[in-house]
Amino acid sequence: MKSFVGALMPLLLLAACGTAPAHRRVELIPKATQPAAGRTPLAPAEPTSAPTQGAPAPTRKLACERGEGTLVATHYPGAVVGMEVPVQVYLPPCYAEEVSKRYPVLYLLHGYPQDEQHWLGLGLKEHLDRGIGGGGWPPFVAVMPFQPEPLFTQSDGGPGSYEEEFLEGVIPFIDATYRTVPEARARALAGISRGGVWALEIGLRHADRIGTLAALSPALAYNNPRPAYDP
């Protein structure tokens, strides 16, 4: 896992040198509007079980051979907000082909007033394709969740905050949907600006669930938490 942890530094440098994209509006989807259990899901998500036997699709096989990862735009069921929340998931090259393999996960929290596209706008996918596809880094999954309001800027931690949303909504969905290593040693959490504050608040309070922690320019000067939740 040391090489996985080492991959964090160039990613943080990427964010520091990049230019943030323009903010776009993100609308949460009420859970009641989602398909009932057993029907077609809202967005494609790679299952944890092995795919049907047979050759992979030609385009997917070609991407695997070129060392290109796959982006999945999907939603997870919110734990606090009661809505379907957008999340972007980067699956490393050859994820679909190596069906017996499990992966560590890097969670990346966006800044304000950005959304789950923030890290992608900074060139994240291209950076991961070079690092992982080029063989310099071990493969891992990267997860970029949207941080919904009012939790993102109007809560400071504990029950009913984004801390609970992340721990009880985001992580369980990712571990249930993708082939992850569901252990603290294989989970890293990083964030930018307001997302950096949340990364520190969540990671420092839950070392049993988050093994590696990083924050880029955390907006601590604009944070007014209660003492128990102050990084």
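Guide: What follows is a close look at one helix and its neighbours. Keep in mind that this is a predicted model.

The helix is H7, residues 162–177. Start with its length. H7 has 16 residues, and at 1.5 Å a residue it should span 22 Å. The C-alpha atoms at its ends are 21 Å apart, which agrees.

Look next at where H7 begins. There, a side-chain oxygen of Ser 161 comes to within 3.1 Å of the backbone nitrogen of Glu 163.

Is H7 enclosed or open? Twelve of its 16 residues are buried, so H7 is largely enclosed by the rest of the structure. The buried residues include Phe 166, Leu 167, Val 170, Ile 171, Phe 173 and Ile 174. Glu 163, Glu 165 and Asp 175 are also among them.

Now the core. In soluble globular proteins, nonpolar side chains tend to be buried together. Here, the largest nonpolar core has 29 residues. Val 89, Tyr 107, Val 143, Phe 166 and Ile 174 touch the most other members. Several elements give two or more residues to this core, among them strands E3 (83–91), E4 (105–109) and E5 (141–145), along with H7 and helix H8 (194–205). H7 gives the most, with seven residues.

Take Ile 174 as an example. Leaving aside residues up to four places away in sequence, Ile 174 touches Val 89, Val 105, Tyr 107, Val 143 and Thr 180.

Then turn to the rings. A search of the whole structure finds seven aromatic pairs. One of them is stacked: Trp 137 and Phe 140, at 6.4 Å centre to centre, with 25 degrees between the planes. Another involves H7. The ring centres of Tyr 162 and Trp 198 are 5.8 Å apart and the planes stand at 65 degrees, so this pair is edge-to-face. The pair links distant parts of the chain, with Tyr 162 in helix H7 and Trp 198 in helix H8, 36 residues apart. Tyr 162 has 0% relative accessibility and counts as buried. Trp 198 is buried too, with a relative accessible area of 0%.

Ring pairs link Tyr 107, Tyr 162, Phe 166 and Trp 198 into a cluster. Phe 166 is a buried residue of H7, and it is named again with Tyr 107 among the residues that touch the most other members of the largest nonpolar core.

How values were computed. Residues numbered from 1 in each chain as written. Predicted model: local features only at pLDDT ≥ 70, side-chain atom pairs only at ≥ 80, totals over all residues. Heavy atoms only, no water. Helix = DSSP H or I, 4+ residues; strand = E, 2+ residues; numbered from the N terminus. Expected span 1.5 Å × (residues − 1). Buried < 20%, exposed > 50% of the residue type's maximum accessible area, 1.4 Å probe, protein only. Polar contact = N/O pair within 3.5 Å; in protein donor to acceptor, adjacent residues only side chain to side chain. Core = buried A, V, L, I, M, F, W, Y, C linked by side-chain atoms within 4.5 Å. Contact = heavy atoms within 4.5 Å. Phe/Tyr/Trp six-rings, centres within 6.5 Å; stacked < 30°, edge-to-face > 60°.
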